[in-house]
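The following exercises ask for a close reading of a predicted model. Each task is followed by a solution in steps.

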Amino acid sequence: MTDRPKPHPADDPAMRGAVFAGTAADPAWLGHWLERRRRRTGAGREAVAADLKTDLRGLTMLALCRTPTEENFADDLEAVCRRTGADPTALARLLRAEQRAAAWTAGPESSSAAPPAGWLMAASEAGETDDSGGDGDAEPRP
Amino acid sequence: VNAALLAAAAVNGVEAVALADRFRAAVPRPGRPADVEPHLPLGAPLEVIAVAGLRLADVLAHAAAEGLRLPTATPAGPDRLNGCLVAYRGQGLVFLDADLPADRRRWTAAHELGHWLAEYDRPRRRAVARLGVGIAAVLDGDRPATADERLSGALAGLRPGPYWHLLRREPDAPARAEAVRRAETAADRVARELLAPGAAVAAEAAAAGIDPADASAWAGLLTERFGLPTGPAADYAARLARAAAANRSFAAALGL
């Protein structure tokens with residue numbers, strides 16, 4: 001008589017719900033940013049998982065990982081993706097988009113008409129056929 | 001508006017190499033021609049948005065939809081852009097014209113990354129390292145610098161204050177043309193180092209037996225082997241040839 005394999009905890013819908021509920025409020029967990037994406041786009045968790053080239057089990061495991069720190073972003077990201085099967089490039093894009101949206105809407109100007117300060121904008125105009133033309137010093141500096 | 005912050009951010013060749021190295025260390029080894037665009041979100045807190053026929057109005061509308069209302073005047077006349085960086089609160093958006101040829105798109109992505117690294121991230125890191133994380137609120141325009149912060153900043157060679165914009169055609173652009181020129185110079189230097197690293201260019205030139213004084217040979221190398229568009233390649237090539245004619249070392253010409 002053989003033992004049947006135990007189901008993976010992340011496959012239990014109740015467990016999944018508990019994981020996302022428990023991590024959604026804290027930006028230190030990846031679950032916070034995954035749930036933020038889901039709410040912002042109106043997509044289901046299956047769709048978020050598909051964007052990250054993983055499944056619901058992988059998404060649940062991902063939610064339980066710590067959010068990559070800025071100083072070790074690439075290494076942290078690689079580690080969690082190796083463990084969960086998520087696509088690093090897709091996860092990087094999701095995180096950058098959600099973190100930027102959170103930061104930009106946190107500013108005081110988001111709820112007022114006052115022009116914001118503290119931003120930087122630089123553009124390459126199409127008429128500038130070679131951006132390098134702006135590099136005005138004649139001698140390259142050592 | 002803080003011109004001093006921006007002027008202090010201007011990078012020389014050695015610093016451009018260091019900034020490019022910092023980015024490269026965080027992303028997969030680049031292929032040839034090098035292309036930073038796919039790796040921008042991995043190596044920096046940047047999101048890329050490609051818009052066909054990109055215009056300034058697209059940038060302003062998108063930023064507003066994302067919660068950032070930019071008080072930038074929209075000048076009359078053509079406003080087509082190759083690319084644009086918008087940075088705020090430590091996060092940035094890189095806009096690219098989806099219609100650009102591949103070489104011009106690679107250059108523009110590297111140029112906008114150069115702006116991020118040289119004018120936004122670098123001064124922010126320096127200010128935080130010298131004055132503590134609280135200075136981010138000053139850089140973000142949430143509060144003015146305190147007297148202590150101004151004094152400590154001055155002692156550290158910094159002038160803490162909010163960032164500003166670098167649009168050449170803004171009504172007050174002439175008043176800060178020099179700062180804008182320096183910013184463009186810095187972004188170009190970083191872009192060159194990202195796409196055609198000086199050490200690699202020198203090695204390829206030596207292997208190909210290029211005449212150091214022949215600008216057209218340099219330009220050919222830079223376009224064919226490193227994928228630079230013709231304008232930036234010609235500019236870089238002219239520098240290398242001028243340096244050779246002046247009998248300067250390749251290392252100096254390459255900014256090493």
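**Exercise 1.** Does B:Thr108 count as buried or exposed, and at what relative accessibility?

*Solution.* Step 1: the cut-off for a buried residue is under 20% relative accessible area. Step 2: B:Thr108 has 0% relative accessibility, and therefore counts as buried. Step 3: as to its setting, B:Thr108 belongs to helix H5 of chain B. Step 4: once residues up to four places away in sequence are set aside, B:Thr108 touches A:Ser124, B:Asn82, B:Gly83, B:Leu96 and B:Leu100. Step 5: between the C-alpha atoms of B:Thr108 and B:Leu85, which are 23 residues apart along the chain, the separation is 10 Å.

**Exercise 2.** Determine the strand order of the open sheet and state which strands stand at its edges.

*Solution.* Step 1: the order of the four strands is E1(A)-E2(B)-E3(B)-E1(B), and their pairing is mixed. Step 2: strand E1 (119-125) of chain A and strand E1 (46-51) of chain B each have a single partner strand, so both stand at the edges with one side left without a neighbour in the sheet. Step 3: from one strand to the next, the twist averages 15 degrees.

**Exercise 3.** Describe how strand E2 of chain B pairs with E1(A) and with E3(B).

*Solution.* Step 2: E1(A) and strand E2 (residues 81-88) of chain B run antiparallel and are joined by seven bridges. Step 5: B:Tyr88 has B:Gln91 in E3(B) as its bridge partner. Step 6: the hairpin of E2(B) and E3(B) has two residues between the strands, and B:Arg89 takes a positive phi near 55 degrees there. Step 7: eight of the eight residues of E2(B) are buried, so this strand is largely enclosed by the rest of the structure.

**Exercise 4.** Which strands do helix H6 of chain A and helix H4 of chain B meet, and at what angles do the helices run?

*Solution.* Step 1: helix H6 (residues 88-105) of chain A lies across E1, E2 and strand E3 (91-97) of chain B, and its direction is at about 115 degrees to E3(B). Step 2: helix H4 (residues 56-65) of chain B packs on the sheet, where it touches E1 of chain A as well as E1, E2 and E3 of chain B. Step 3: the direction of helix H4 of chain B makes about 25 degrees with that of E2(B).

**Exercise 5.** How many residues does the largest nonpolar core have, and which of them have the most contacts inside it?

*Solution.* Step 1: this core has 68 residues. Step 2: those with the most contacts inside it are A:Leu34, A:Leu52, A:Leu91, B:Leu113, B:Trp116, B:Trp218 and B:Leu222. Step 3: helix H5 (residues 102-131) of chain B supplies the largest share of this core, eight residues. Step 4: a second, separate core has 19 residues, including A:Ala123, B:Ile49, B:Leu54 and B:Leu68. Step 5: apart from its neighbours within four places in sequence, A:Leu91 is in contact with A:Leu30, A:Leu52, A:Leu62, A:Leu77, A:Val80 and A:Cys81.

**Exercise 6.** Classify the ring pair B:Trp116 and B:Tyr120 from its geometry.

*Solution.* Step 1: planes under 30 degrees apart count as stacked. Step 2: the ring centres of B:Trp116 and B:Tyr120 are 4.9 Å apart and the planes are at 25 degrees, so the pair is stacked. Step 3: both residues lie in helix H5 of chain B, four residues apart, or about one turn of the helix. Step 4: B:Trp116 and B:Tyr120 are both buried.

**Exercise 7.** Which arginine lies over the face of A:Trp29, and which over that of B:Tyr236?

*Solution.* Step 1: A:Arg66 lies over the face of A:Trp29, at 4.5 Å from the ring centre. Step 2: B:Arg192 lies over the face of B:Tyr236, at 5.2 Å from the ring centre.

Methods: Residues are numbered from 1 along each chain as its sequence is written. Chains are lettered from A and ligands numbered from 1 in the order in which they are written. This is a predicted model: local features need pLDDT of at least 70, side-chain atom pairs count only at pLDDT 80 or more; totals for chains, interfaces and linings use all residues. Side-chain values use heavy atoms; hydrogens and water are left out. A nonpolar core is a set of buried Ala, Val, Leu, Ile, Met, Phe, Trp, Tyr and Cys residues joined through side-chain atoms within 4.5 Å. Buried means under 20% relative accessible area, exposed over 50%, partly exposed in between (1.4 Å probe, protein chains only). Contact means heavy atoms within 4.5 Å. Two strands pair if DSSP finds at least two bridges between them. Axes are lines fitted to C-alpha atoms, for helices over the stretch in contact, and angles run from 0 to 180 degrees between N-to-C directions. Rings of Phe, Tyr and Trp (its six-membered ring) pair if their centres lie within 6.5 Å; planes under 30 degrees apart count as stacked, over 60 as edge-to-face and the rest as tilted. A charge sits over a ring if NZ of Lys or CZ of Arg is within 6 Å of the ring centre and within 35 degrees of the ring normal.
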